[in-house]
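Opening the notebook on this one. I want to look up a helix face first, then go through some charged pairs.

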Amino acid sequence: MSDQREWSRSRDDLVDAVKRLGFPEELGVEMAKNLGSPKAMNRMASYLYHVKPKSVEMVVDEMLAICSEIDAWRDKKASEEANARLWIKR
């Protein structure tokens with residue numbers, strides 16, 4: 001599947017999950033933008049389908065937690081790469 005189609009499908013699945021819980025479509029669209037990757041959007045949609053949160057605050061809290069984990073992972077990878085470059089220079 002092409003990257004664009006995968007991204008669109010994941011976004012659509014997330015928006016559908018949001019709407020099924022009775023929240024506005026716009027919330028799903030904005031969450032997809034913030035999550036930024038099919039893997040993150042699929043993770044969020046899975047949370048929505050399984051947990052079925054009752055409030056927008058719970059939905060947004062989970063989205064922020066996913067974003068935070070992604071940022072921490074990126075920081076870790078950047079640190080590992082920087083350390084690897086230091087070891088190569090020695």
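Cut-offs before anything else: I call a residue buried under 20% relative accessible area, exposed over 50%, and partly exposed in between (1.4 Å probe, protein chains only). The model is predicted, so I note that local features need pLDDT of at least 70, side-chain atom pairs count only at pLDDT 80 or more, and totals for chains, interfaces and linings use all residues. Residues are numbered from 1 along each chain as its sequence is written, and side-chain values use heavy atoms, with hydrogens and water left out.

Entry 1, helix α2. Helices here are DSSP runs (H or I, at least four residues), numbered from the N terminus. I looked up which residues of α2 (residues 25–35) are buried, and got Leu-27, Gly-28, Met-31, Ala-32 and Leu-35. Down the axis of α2 they fall within an arc of 135°, so they line one face of the helix; the arc is taken from the directions from the helix axis to the C-beta atoms. On the face turned away from that buried side I found the exposed residues Glu-26 and Lys-33. Just after α2, I noted that Gly-36 takes a positive phi of about 75°.

My criterion is a side-chain nitrogen of Lys or Arg within 4 Å of a carboxyl oxygen of Asp or Glu. How many does the structure hold? I get seven salt bridges.

Entry 3, a pair inside α2. Lys-33 turns up again, in a salt bridge with Glu-30, with the closest N and O atoms 3.2 Å apart. Both sit in α2, three residues apart, about one turn of the helix. Lys-33 is exposed at 53% relative accessible area, while Glu-30 is partly exposed at 40%.

Entry 4, a pair inside α1. The side chains of Asp-16 and Arg-20 meet in a salt bridge at 2.8 Å, N to O. They are four residues apart in helix α1 (residues 3–20), which puts about one helical turn between them. I logged Asp-16 as partly exposed at 28% relative accessibility, and Arg-20 as exposed at 63%.

Arg-43 and Glu-69 form a salt bridge through their side chains, 2.4 Å from N to O. This pair links distant parts of the chain, 26 residues apart: Arg-43 is in helix α3 (residues 38–51) and Glu-69 in helix α4 (residues 56–89). Arg-43 comes out partly exposed at 37% relative accessible area, and Glu-69 is partly exposed at 43%.

Conventions: Helix = DSSP H or I, 4+ residues; strand = E, 2+ residues; numbered from the N terminus.
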